[in-house]
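Please keep the sequence and the structure open while reading.

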Amino acid sequence: MKLRDLTELAARNLREAVLRNSLTTLGIAVGVASLVAMLSLGVGLQELASTRLSRSGLFDAVFVTTQANMRAFGGPPRASADRVSSQPARKLDEEARRQLAEIKNVVEVYPEVRFPTEVQFEGKPYMTTVAGIPASARGDGAFDEMKGAFFSGPEANEAILQIEFARDLSKQTDSLIGKDLVLRYAEKQALPPDDSASGQSKANRSAANDSAISNTMISDVPAPGGFSLVPRELPLRIIGVVETEPATGFGGFGRGRLLIPLQIAQNLRIAQPTDMREMLRGNTGKPTYETLTVRVSSPKAVQGVEDTIKGMGFGTFSILDATKNMMLFFTVFDSLLLIFGSLALTVASLGIVNTLVMAILERRREIGILKALGAADRDVRRLFFVEAGAMGLLGGVLGVAMGWLIGRALTIGTNAYLKRQELPAIDISSIHWWMVALAIGVSFFVSLAAGMYPASRAARLNPVEALRYE
Amino acid sequence: MTGSSNGFAVRTEGVSRQYAMGDALVHAVDGVSIAVRAGEFVALLGSSGSGKSTLLNLLAGLDRPTSGAIYAHEQNLAGMTSEELAHHRSHTVGMVFQAFNLLPRMTLEENVELPLRLAEVDRAERSGRVREAVERVSLAARLTHRPSELSGGEQQRAALARALVNRPTILLADEPTGNLDSVTGDTIMELLQEINRNLQMTIVMVTHDKVRAARYAHRIITMRDGKLVPEGASDEIA
C-alpha cells in the first residue's frame, strides 16, 4: 500500500477512536512537555549564568600581578598557581605594562584602582568602595541596561552608582541621576628624604615627586623618605545607575559600588594598603603597580595571552578555570533534567502500546478483512506504525507548545517573585530550534518504537481466525 | 477472464488441512482433489463442519494446507510466501462472505475502493473502476451510503462490487445468501450467474442450499467430514 493511502487509512482509524487516541496523544504531549521544560530550564539557566558572567567583563580579561603578590594574597586558584612560571619574579612597573600591551590579541592594559572611602551625599556620610572604570568597559555588556549614561570622557568628574549603593542613598534610585556627591579621600604626598636614612640619590627623590609618572601609579611607591596623607574632596555628578556589577580587577570582581573614570581614579593618588609595605622594604623610587588588568580581544585568546604573561615572569588569574567547572556542572545538571524528562516520555510510550494493543483487539475482524482483500502482513504492520507515528508527531508538536508554556509560566512566576524582592527580571527558560526538532524527533521515534510490538502482533494475525472474530 | 494452459482456473491435489484442538487432531479437509475449469461456476455443497469453507479459504490463500497442493492458474499456493499469497488475494481472487464484511465506518464507495488501495492502483484510475463495479451490481446511486444505511441485499451487492473491482479471475463466495431472505438471495444468485456468464469469471461458491446450487451452478462438489462425496452419493446431503 502506498504511503498516502496508509496515511489516509491511519487518520481514519485515529478519528474513529478519537477520545482514546486523543488521551494517548495528550500523554505523549505531557511527556514531551516535561522533557522540553526541563531542557529549556537547564539551557536557560546556563545561558543566564553565561550572560551574567560575560557582562561582568571577566571572560576577556587576564589579571596580572607579581608572583610575590599572588602568594601574599593567599594565592590564586590552584590551577593558575600551578601554571606560575619558573622564571624569576618581576616587578609590575611601567616597562612591564608596556610589554604587556604589546602582546598579540591584547587590547588594553590598565591598573586596578579600587579603594574604600567616604562619600558625602546631601549632607550625610556614606562608606563605600570606589572603582576606576576604563573607557573600554562601556562595550563589555555590563552597562547595556544601565539607567542614565556612561562617562562623557576619560577625565570627566562623573560617577556611576551600583544599584545597591544607589539604594543606600535613595529609595528612588532614578532620581539620583543629575545630583552631586562629594568623594572624600586620602591623597599621598611624598616627604623630603630623611637625612638619617641611608643615602638616597636626588634622582630617587625627584622620581617620587614626579607627578607625571606617579599620578598613574596605584602603588605609587614613595621615596625612601616616606609620605604623608592629605585629606581631599572631589565633587562628582551622578550620571548613571548600573545593576550588573562590572569587573574591576583581580580578586575583587564587581566590588566597586561607586564607579568613576579610571583616569580620574589614577589622578587621585590614593594611599593604598601596600604603600606601607613598599616603603618599609625600602624599594627604589621606581613606581610599581599592584595589579594590572589585561583586556583581550576575545575569550578564546585568553589562554594564549595568559601563558605568554606567565612566561614573562608574572602571576596571572582568569575566570577560564572557573568557567570550565561551571560548564561541567551544567552538563551534569542538563543530563539529570533530561533523564527526569525522559521518564515521563517513557510512561507515555507505554500508553501508545496500550492504545494500539486495544486497537488490535477491537479491529481484529477489520484486519482479517484487509488481509482477505489483499493486504500483506507488511501493509498491516505499516498501518499500525503510521498510527503510532502520527500520535507521536502530534504529541511532540503539542508537547513542545506545552513545554514552552511551562517555561514561560516558570519565568513569569520567578520574575513575579524577583520583582517583590526588588531584583531585576530574568529569563530562566530558553527554547532553541534544535530543542524543538529534538523533542519532536524523539517523540516520533519513541512512538514508532512503542508501536513496534502492536504492529508486529497485528501483522501476524491469522486472517481466517480474524474473520471469525465477532 | 483468463484461464490457464490446461484450462483449469483452480485445482487441488490431495490437499489436507488439520487443526490441533487440545489433544485431538481435527481433519478439516482430508486429501481433497478437485479441478475447476476457467469460467466454470461450481458449488461446494455440504453441511456445517464438512470442510467446505476451509477448502475455500485454502483456495483463497487465506490459509495454508497441511499437505497437498493448490494451484491457481498453475501457481502452487502451498509454496508461496505470505507476500505472494497477499498478491494472489489481491489480484487473482475476489471474495464474498456470508456476513458481507464491509467496513462499517466507510461509505460504499470507500469500501469498494479499498482493494484498489491495497493493490496500489493509480488514484486517477480508481474512481472509474469503482463506478464500473458498482454499476455492475446496480448500486451507483448508493455510493455515499454507509453499510448501516444499506439493506442486506445491497450490502451483499456492495461486497460483490468490492470483490470484482480488482478484476480477479476467480470469485470465491462463502455462503453469499446465508444472511438473506429467499427473494434477495435469488437476486444475488442471479447476479453471480450473470457475472459468470458475462465476464466468464470462474466462481466457486460454498453453500448448504442444494436447491440453489442445482439451479445456478454448473457443477456441484459435495463434501462430508473433510472429504469429497462421490457423485451419485451426494443426494444424501440435506
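Two strands count as paired if DSSP finds at least two bridges between them. Helices (H or I, at least four residues) and strands (E, at least two) are DSSP runs, numbered from the N terminus. The model is predicted: local features need pLDDT of at least 70 and side-chain atom pairs count only at pLDDT 80 or more, while totals for chains, interfaces and linings use all residues. Residues are numbered from 1 along each chain as its sequence is written, and chains are lettered from A and ligands numbered from 1 in the order in which they are written.

**Strand pairing around β8 of chain A**

- Strand β7 (residues 180–190) of chain A runs antiparallel to β8(A) and is joined to β8(A) by 11 bridges. In this pairing A:A190 stands opposite A:F227 of β8(A).
- Strand β6 (residues 158–162) of chain A pairs with β8(A) in the parallel sense, over five bridges. Opposite A:E158 stands A:R237 in β8(A).
- Strand β5 (residues 147–148) of chain A is antiparallel to strand β8 (residues 227–242) of chain A, with two bridges between them. A:K147 has A:V241 of β8(A) as its bridge partner.

**Helices of chain A**

- Axes are lines fitted to C-alpha atoms, for helices over the stretch in contact, and angles run from 0 to 180 degrees between N-to-C directions. On that basis, the axes of helix α14 (residues 377–420) and helix α15 (residues 433–459) of chain A come within 7 Å and cross at roughly 150°.
- α14(A) and α15(A) are therefore roughly antiparallel to each other. Angles under 35 degrees count as roughly parallel, over 145 as roughly antiparallel, 65 to 115 as roughly perpendicular and the rest as oblique.
- The contact of α14(A) with α15(A) involves 19 nonpolar, nine polar and two charged residues. Here Ala, Val, Leu, Ile, Met, Phe, Trp, Tyr, Cys and Pro count as nonpolar, Asp, Glu, Lys and Arg as charged, and the others, Gly among them, as polar.
- Helix α13 (residues 364–372) of chain A is mostly covered, with seven of its nine residues buried. A residue is buried if 20 or more other C-beta atoms lie within 10 Å of its own, exposed if 12 or fewer, and partly exposed in between, with C-beta atoms placed from the backbone.
- The buried residues of α13(A) are A:E366, A:I367, A:G368, A:I369, A:L370, A:K371 and A:A372. They pack against α14, α15 and α16 (463–468) of chain A, and also against α2 (82–91) and β7 (93–96) of chain B.

**Contact between the chains**

- Two residues are in contact if their C-beta atoms, placed from the backbone, lie within 7 Å. The contact takes 17 residues from chain A and 18 residues from chain B.
- On the side of chain B that touches chain A, α2 and α3 (108–118) of chain B each supply at least two residues. α2(B) gives the most to this side, with five residues.
- By class, the side of chain B that touches chain A has eight nonpolar, four polar and six charged residues.

**Chain B: overall content and helix packing**

- Chain B has seven helices and 11 strands. Of its 238 residues, 47% count as buried.
- Helix α5 (residues 152–164) of chain B and α3(B) pack at an angle of about 30°, with their axes 7 Å apart. That makes α3(B) roughly parallel to α5(B).
- B:L108, B:N111, B:V112, B:L114 and B:P115 of α3(B) make this contact with B:A158, B:A161 and B:R162 of α5(B). The contact of α3(B) with α5(B) has six nonpolar, one polar and one charged residues.

**Chain B: the six-stranded sheet**

- Six strands of chain B form an open sheet with mixed pairing, in the order β7-β8-β9-β4-β10-β11. β7 and β11 (227–229) of chain B are the edge strands, each pairing on one side only.
- On average, neighbouring strands of this sheet are turned by 25° against each other, direction ignored.
- Strand β4 (residues 41–45) and strand β9 (residues 202–207) of chain B pair in the parallel sense over five bridges. B:A43 has B:M205 of β9(B) as its bridge partner.
- α5(B) packs on the sheet, where α5(B) touches β7 and β8 (170–174) of chain B. The direction of α5(B) makes about 170° with that of β7(B).
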